[in-house]
Amino acid sequence: MNLPLEDIFQWVDEHEITRQKKNFHRDFSDAVSLAEILKKHYPKLVELHNYAPKHALSQKIVNWETLNKKVLNKLKINLSPAEQGQLARAVPGVIERLLHKIKLKVEKHETAQKNVENKEKTYYLEGISPKEFEEGKAILGRNDDNAGVNALTVLDIEVKTEASNEKLIPSNICDQMKADTTEKINEIAQLRQKVEQMEKLLKIQDKRITDLTKQLHVILTGEGDNVTSPRTRLFNKIF
């Protein structure tokens, strides 16, 4: 089988490997470099302390036996004892075939993960009936499903596995509803702050009016001054 060697080498270069690159086959002969690559993609499977750099052939084979048992078997890649020996002896072509298999596994795994992440979640809104849904559209004057949901007051959102025609909305609509709710809460907080400021200003204004009213009453009635007439006291205040 012709292997896409350039793709394999480029894929390997995308990973951080602690060992300085010298000879491709010998760099992988003790399984340490491959363990570091696998650690990136399957962190729960690989414990790097199990794979120390080795120089003796027997110790390199031990590393490959450990990697094969603890990691590769779980990825449904099984190395025979002969293949482990060839890898430890840095036989050309063997590590390339293994890397190609692992690369395909990793790419398949990453594609599956993306599909799961991109798949829409199903949300169920408690208390939303088809009638309320249609009323929601009418409230906003729009004939789309987003309008029907956004016009409703949602108190409880649950993620469930079974579908229901009466309480189902896509996750993007739910996210938009959450964002709209957060925006409204912030607007309400700002309005409350403005109301509090206005109430403080009104209290100050009321107190000032009360003080001026008392002063005017004293001027006009002459209370507190029994000698001069009210008119005289008024002129005295003015001039």
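This is a short tour of a predicted model, stop by stop.

**Before you start.** Residues are numbered from 1 along each chain as its sequence is written. In this predicted model, local features need pLDDT of at least 70, side-chain atom pairs count only at pLDDT 80 or more, and totals for chains, interfaces and linings use all residues, while side-chain values use heavy atoms, with hydrogens and water left out.

**Stop 1: the whole chain.** Select the protein chain and colour by secondary structure. You will find 10 helices and 3 strands. These are DSSP runs (helices H or I, at least four residues; strands E, at least two), numbered from the N terminus. Follow the sequence: the pattern reads α-α-α-α-α-α-β-α-α-β-β-α-α. Of the 239 residues, 28% are buried. Buried means under 20% relative accessible area, exposed over 50%, partly exposed in between (1.4 Å probe, protein chains only).

**Stop 2: helix H5.** Select residues 81-88. Which residues of H5 are buried? They are Gln-84, Gly-85, Leu-87 and Ala-88. An α-helix has 3.6 residues a turn, so residues three or four places apart point the same way.

Stop 3: Select Ala-90, which follows H5. Its phi is positive, near 60°.

**Stop 4: helix H9.** Select residues 171-221, then find Met-198 within them. Is Met-198 buried or partly exposed? Met-198 is partly exposed, at 49% relative accessible area.
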